[in-house]
Amino acid sequence: MSTLANHAFAKMNGIGNEIVVVDLRDAPGTVTPEEARAVASPAGVPYDQLMVLQPPRLQGTEAFVRIYNNDGSEAGACGNGMRCVVRRLFEKTGQTAVTFETRAGLLNCWQGPAPDLYTVDMGAPKFGWQDIPLAEEFRDTRYIELQVGPIDAPLLHSPSAVSMGNPHAIFWVDDVNAYDLARFGPLLENHPIFPERANITLAHIVDRGHITIRTWERGAGLTKACGSAACATAVAAARLKRANRTVQMTLPGGDLTVEWRERDDHVLMTGTATFEYEGHFDPALFASVA
């Protein structure tokens, strides 16, 4: 029987990023890609990311968190999902600060400046072409050679590339809603330049303290919010000297505050997390899962 059959879950969202949280710390088991896809099916609990808490592997951490996209692939980071996990934990335990381990490393999280705000330390960004990773060398990843459309009149071109625990490409535009992201997002996500695929973001710099974005999320598709994309965009804009190191990020689902902290280069993301409902997974969801 599936690890998830009859198991409790919480359906939440981080400014519209659809999240399902499952705590397996007391019932250790592995969630397979097939099970993750079954949960995301119309008969299940459709989500952008599934956050699975497993027993901690390192002393001083609360859990090892595995993050699944709705196509069954695993992500290294999901800032919006981590805020949902943090809210769930804080409300149950009364804690105000905690450390989790993910595939991308350790993430420190704490209560934000207001009761409904939560801050996640997303760690330091990576800019080296091999670290993002890219399939070929670019000495300066503030802009890379990639375009959509005719060579002499591209619709999009010269994105910034950043890793925030997962690969991001950010295209700078005047209007994030003027492009059919649902059409070319999948093509760019799977472009050969990105050996591990990539999150594709359209970004408009309103002013030095405010940026608007839309994101095609790797393994999840068009999303109302992608926290790591907000962080990657904020960092990329600061690298280009086009924005401050602390900015308001406006996403289709709401706003985040992102600070690229100067003393250690860590990126801090602050925003809300919304609880929707809780339930148990129907075993029938996993009947066809081998």
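Predicted model: local features only at pLDDT ≥ 70, side-chain atom pairs only at ≥ 80, totals over all residues.

Residues are numbered from 1 along each chain as its sequence is written, and side-chain values use heavy atoms, with hydrogens and water left out.

**Aromatic rings**

- A pair of aromatic rings is described by two things: the distance of the centres and the angle of the planes.
- Here, rings of Phe, Tyr and Trp (its six-membered ring) pair if their centres lie within 6.5 Å; planes under 30 degrees apart are stacked, over 60 edge-to-face, and the rest tilted.
- By this rule there are five aromatic pairs.
- Take Phe 9 and Tyr 277: the ring centres are 6.1 Å apart and the planes sit at 80°, so this pair is edge-to-face.
- Phe 9 belongs to strand E1 (residues 8-14) and Tyr 277 to strand E19 (residues 274-280), so the pair ties together parts that are 268 residues apart in sequence. (Strands, E, of at least two residues and helices, H or I, of at least four are DSSP runs, numbered from the N terminus.)
- Is Phe 9 buried or exposed? Phe 9 is buried, with a relative accessible area of 7%, while Tyr 277 is partly exposed at 38%. (Buried means under 20% relative accessible area, exposed over 50%, and partly exposed in between, using a 1.4 Å probe and protein chains only.)
- Phe 281 and Phe 286 are edge-to-face too, because their planes are at 80°, with centres 6.2 Å apart; both residues are buried.
- Ring pairs join Phe 9, Tyr 277, Phe 281 and Phe 286 into a cluster.

**Charges over rings**

- A charge sits over a ring if NZ of Lys or CZ of Arg is within 6 Å of the ring centre and within 35 degrees of the ring normal.
- Arg 57 does this over the face of Phe 64, at 3.8 Å from the ring centre.
- Arg 239 lies over the face of Phe 127, also at 3.8 Å from the ring centre.

- Strand E12 (residues 167-172) is mostly covered, with six of its six residues buried.
- In a regular strand the side chains alternate between the two faces of the sheet.
- In E12, Pro 167, Ala 169 and Phe 171 point one way, and His 168, Ile 170 and Trp 172 the other way.
- Strand E11 (residues 160-163) runs antiparallel to E12, joined by four bridges (two strands pair if DSSP finds at least two bridges between them).
- Which residue stands opposite Ile 170 of E12? That's Ser 160.
- E11 and E12 make a hairpin with three residues between them, and Gly 165 in the turn has a positive phi of about 90°.
- With strand E13 (residues 199-207), E12 pairs in the parallel sense over five bridges; Ala 169 has Ile 200 as its bridge partner there.

- Most residues other than glycine have a negative phi, and most peptide bonds are trans.
- The bond from Ile 132 to Pro 133 is cis, with omega near -10°; Pro 133 is in the loop between strands E8 (118-121) and E9 (147-148).
- Lys 241 isn't a glycine, yet has a positive phi of about 65°, and is exposed at 66% relative accessibility.
- Ser 158 has a positive phi as well, near 55°, and is partly exposed at 26%.
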